[in-house]
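Please consult the sequence and the coordinates alongside the text.

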Amino acid sequence: MNTEAVLEVRELSVSYHRERTLENVSFLVAPGQLVGIIGPNGAGKSTLLKAILGLLPPNQGQVTVWQQPVAKMRKRIAYVPQHNDIDTDFPVCVWDVVMMGRFPHSGLFRRSRHKNHLKVAECLRQAGMYAWRNRQIGELSGGQRQRVFLARALAQEAGLLLLDEPFAGIDLNSERIIINILRGLKSQGKTALIVFHDLTKAQAYFDSLMLLNKKLVAFGSSTKVLTAQNLQAAYEGDVTVLSGTDELMVVTA
Amino acid sequence: MENLTFFWESLFKYQYLQNALLAGMLVGIICGVVGCFVILRGLALMGDAISHAVLPGVVVAYLVGFSFFIGAVIAGVLTALGIGYIAQNSRIKDDAAIGIMFTAAFALGIVMITLQHGTGVDLWHILFGNVLAVSRDDLWTTLGIGVIVLACIVTFYKHLLLSTFDATMAQAIGMPTKMIHYLLMLLLSLVTVSALKTVGIILVVAMLITPGAIAHLLTDRFPAMLWLSALFGMLSSIVGVYISYIYDVATGASIVLVASALFAIAFLLSPKQGVFVRWARAHVLHKVKYG
């Protein structure tokens, strides 16, 4: 057992709809890191996040967060869902959604209303969404909605954040705001795992990368992970290496 | 106008009319509030199923002589569990499992009633309500159910809201989402019993869904939706009882038709969502822009 690690996954295997989606995955994540999870469609990236959260029962293996089982650490983990998991017609406005991030902290009778209010306002400002606080969530663009859900995760004041494709289909401005927030979290010593698909930016955005295709293909610094050999292993036939030693690659997945 | 005065005077003269009106209003409020969760969770069919499935429970309770509510809750929750079990342990999908289980329970109830020729259970009254037979006792039990249901919703408001909006996050922060689902099924069974005399088993689903749907078209805030839904449920009952009294037609069905008419108005004229309003806005804007 590693006493430094925020997250320790050991020999984790998960089946989903009777199909093995993760096989024998083990890794350690140190505090203060932004970890990008990359891999082809169906590689088990979302499954990995859900398994870490304890939402999918593992066939075998173990997940510990700060050396504790996840069930004891739920209040310190925040999750940002994939954007199409959300009913955008739901009668909630931006403010209400971010307030949900305070639910784990507000007991029934605690006098925490004022503090919650301040925290929600602060998180909305960080995400650049304060001016939109009274809008129904269906009235926002995809990028704005993603920032609202990130603001909700911030409001949870968690030490470990799991984000499922936060950059999928959003505008450049939102992308910049989100990556700045993530870097801010990192500077506070917090850790985030981010499912990601844009290999060209992976190196610039993250401290370490995890290349996944049911099995853990590679994990570590981007130079170590983004090699022709690893990518070919992960994306199977869908990688073309254009110039041998300088490693210019095209992934067509 | 004449009719209104006549209704008003009768209301003071006849206690059964007072009881009918009060029971209708209470049922409108309770169904309206619970219905908001039902429609936002996409459980309209489930609501229909549970309301039908309480029938055998009610019949057994009547024959053996214990409370309707216990019988209904047991039948309702067992059906909900059965539906969940079938859907999770076979390739049968949710809606098919719902269809199988609730028709089975409903048919069982009908067979049980028809076995007991000439005993006091009147199938017609259970199915379609008998609002003129609402006693003071019935009124008190309806009020009791209302208090229980509303207390549950206030107590578990955050759980219900978050698990409805984002079940994954609810689970991730450790909320017992399955328990919340079955709590809602239990509330549905209770609500059905409370509506037994006013609208009856067959039409109670309208009181669960229509007022909530009207409210959903009118507001973007969840608490406002709950209030509006209760308001429209209550309003439908008042107008429905009135129409039923004046024109001597079935009460439950009048209440439901009033709710449906209100829905039609909201569907066309809601300021933000109304089909007519949106069409008119696009049309007028087009004229302003292009002459």
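This is a predicted model: local features need pLDDT of at least 70, side-chain atom pairs count only at pLDDT 80 or more; totals for chains, interfaces and linings use all residues.

Which residue of β5(A) stands opposite T64(A)? The residue is P69(A).

## Chain A: overall composition

Chain A contains 9 helices and 12 strands. Of its 253 residues, 42% count as buried. When contacts in chain A between residues at least 6 apart in sequence are considered, 66% of them join residues at least 24 apart.

## Strand pairing in chain A

An open sheet is formed by 4 strands of chain A in the order β2-β1-β4-β5, with antiparallel pairing. Its edge strands are β2 (19-29) and β5 (68-69), each of which pairs on one side only. The pairing of strand β4 (residues 60-65) with β5(A) is antiparallel and comprises 2 bridges. Helix α1 (residues 45-52) of chain A lies across β1 (7-16), β2 and β4 of that chain. The angle at which α1(A) runs to β1(A) is about 115°.

Strand β9 (residues 208-213) of chain A has two pairings to report. With strand β3 (residues 34-38) of chain A, β9(A) pairs in the parallel sense over 4 bridges, and here M210(A) of β9(A) is opposite I37(A). With strand β10 (residues 215-220) of chain A, β9(A) pairs in the antiparallel sense over 5 bridges, and L212(A) faces L216(A) of β10(A). β9(A) and β10(A) form a hairpin that has 1 residue between the two strands. In the turn, K214(A) has a positive phi of about 65°.

A further parallel pairing joins β6(A) and β7(A) over 4 bridges, with I77(A) opposite L160(A) of β7(A). In a regular strand, side chains alternate between the two faces of the sheet. In strand β6 (residues 77-80) of chain A, I77(A) and Y79(A) point one way, whereas A78(A) and V80(A) point the other way. All four of these residues are buried.

The pairings described above are collected in the following table.

| Strand pair | Sense | Bridges |
|---|---|---|
| β3(A) and β9(A) | parallel | 4 bridges |
| β9(A) and β10(A) | antiparallel | 5 bridges |
| β4(A) and β5(A) | antiparallel | 2 bridges |
| β6(A) and β7(A) | parallel | 4 bridges |

## Helix α6 of chain A

Helix α6 (residues 172-187) of chain A has 16 residues, which at 1.5 Å a residue should span 22 Å. The end C-alpha atoms of α6(A) are 23 Å apart, in agreement with that expectation. Which residues of α6(A) are buried? They are S174(A), I177(A), I178(A), I181(A) and L185(A). Viewed down the axis of α6(A), these buried residues fall within an arc of 95°, and they therefore line one face of the helix. They pack against α4 (113-126), α5 (142-155), β7 (160-163) and β8 (191-195) of chain A. The face of α6(A) turned away from the buried side carries the exposed residues L172(A), R176(A), R183(A) and S187(A). After α6(A) comes G189(A), with a positive phi near 85°.

The loop between α4 and α5 of chain A includes I137(A). I52(A) is 85 residues from I137(A) in sequence, and their C-alpha atoms are 28 Å apart in space.

Helix α11 (residues 177-194) of chain B has 18 residues and reaches 26 Å from its first C-alpha to its last, close to the 26 Å expected at 1.5 Å a residue. The buried residues of α11(B) include I180(B), L184(B), M185(B) and L187(B). The buried residues of this helix pack against α2 (15-40), α3 (44-53), α5 (68-89), α8 (136-155), α9 and α12 (200-218) of chain B.

Between the chains, 17 residues of chain B are in contact with 18 residues of chain A. On the side of chain B that touches chain A, α9 (157-165), α10 (167-172) and α13 (222-247) of chain B each supply at least two residues. The largest share, 4 residues, comes from α10(B). By class, this side of chain B has 8 nonpolar, 5 polar and 4 charged residues.

Definitions and conventions. Residues are numbered from 1 along each chain as its sequence is written. Chains are lettered from A and ligands numbered from 1 in the order in which they are written. Two residues are in contact if their C-beta atoms, placed from the backbone, lie within 7 Å. Ala, Val, Leu, Ile, Met, Phe, Trp, Tyr, Cys and Pro count as nonpolar, Asp, Glu, Lys and Arg as charged, and the others, Gly among them, as polar. Two strands pair if DSSP finds at least two bridges between them. Axes are lines fitted to C-alpha atoms, for helices over the stretch in contact, and angles run from 0 to 180 degrees between N-to-C directions. The expected span of a helix is 1.5 Å times one less than its number of residues. A residue is buried if 20 or more other C-beta atoms lie within 10 Å of its own, exposed if 12 or fewer, and partly exposed in between; C-beta atoms are placed from the backbone. The arc is that of the directions from the helix axis to the C-beta atoms.
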